[in-house]
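User: I am new to this structure and would like to learn how to read its charged residues. Could you take me through them step by step?

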Amino acid sequence: MKDNKPTVLIVDDHEMIRENYADVFADNGFEVLSANDGVEALEKVDKNEVDLVFTGIIMPRMDGFQLLENLKMHTTTSGLPVLINSHLGREEDKEKMMELGADDFIVHGTVQPIEVVKKARWMLTPNKYLLRICKDELDFKQFKKDKQLSEDLKCQHCGGELALELKEKKDEYAAKVICPECKSYH
């Protein structure tokens, strides 16, 4: 965050969409960067301190799916919140994006831009809890099997101990298995 202003990277191949959202984010206290596609977005993330990525799906050179996969596979960007802006609103796109690690998914035109900014703010200041996964408790064996976790609960990237990250969303919780050391999701 620069000067206590969060930085959002807006990624879309439609210039007018980028500019409209850039104006709303800037008017509401964000530093704004923009990119035309996933390739340009990765370059911007590499060179700048980005707090959140707001991206479309269908783009030239690298689409939103590939961008999200690239962000989540690198330890330095795996924890970066990503908000998806879908023009088509297909359920299969939403499911795939959420499986890949997107934090939220909106359908373009169904949510006012100011509401998108509110979602972004929430994503940057959520209540998060990190919980130890205990091998001897309740449904651990089934959980380990379903999530395909290693027997020793170690991170496949750095060898750190895996934990369960809970993120509060209103009165519900979203959970992901994470390595607190390298911030990679499993």
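Predicted model: local features only at pLDDT ≥ 70, side-chain atom pairs only at ≥ 80, totals over all residues.

User: Which residue forms a salt bridge with Glu161?

Analyst: The partner is Arg132, and the closest N and O atoms of the two are 3.0 Å apart. Glu161 lies in the loop between α6 (140-147) and β7 (163-169), whereas Arg132 belongs to strand β6 (residues 128-132), so the pair ties together parts that are 29 residues apart in sequence. Arg132 is exposed, its relative accessible area being 67%.

User: How many salt bridges does the structure hold?

Analyst: There are eight salt bridges in the structure. In one of them, the side chains of Arg61 and Asp37 meet at 2.7 Å, N to O. This pair links distant parts of the chain, with Arg61 in the loop between β3 (52-55) and α3 (64-73) and Asp37 in the loop between β2 (31-35) and α2 (38-47), 24 residues apart.

User: Is Asp37 buried or exposed?

Analyst: Asp37 is buried, with a relative accessible area of 2%, whereas Arg61 is exposed at 61%.

User: What do Glu15, Glu19, Asp23 and Asp27 form?

Analyst: Together these residues form a negative surface patch. Asp23, one of them, is found in helix α1 (residues 15-27), and its relative accessibility of 48% makes it partly exposed.

Note on methods: Residues numbered from 1 in each chain as written. Heavy atoms only, no water. Patch = residues over 30% accessible without salt bridge, like charges linked within 9 Å, V, L, I, M, F, W, Y side chains within 5 Å. Areas by Shrake-Rupley, 256 points an atom, 1.4 Å probe, with all protein chains shown as cover. Salt bridge = Lys/Arg side-chain N within 4 Å of Asp/Glu carboxyl O. Lys, Arg positive; Asp, Glu negative; His and termini not counted. Charge placed at Lys NZ, Arg CZ, Asp CG, Glu CD. Helix = DSSP H or I, 4+ residues; strand = E, 2+ residues; numbered from the N terminus. Buried < 20%, exposed > 50% of the residue type's maximum accessible area, 1.4 Å probe, protein only.
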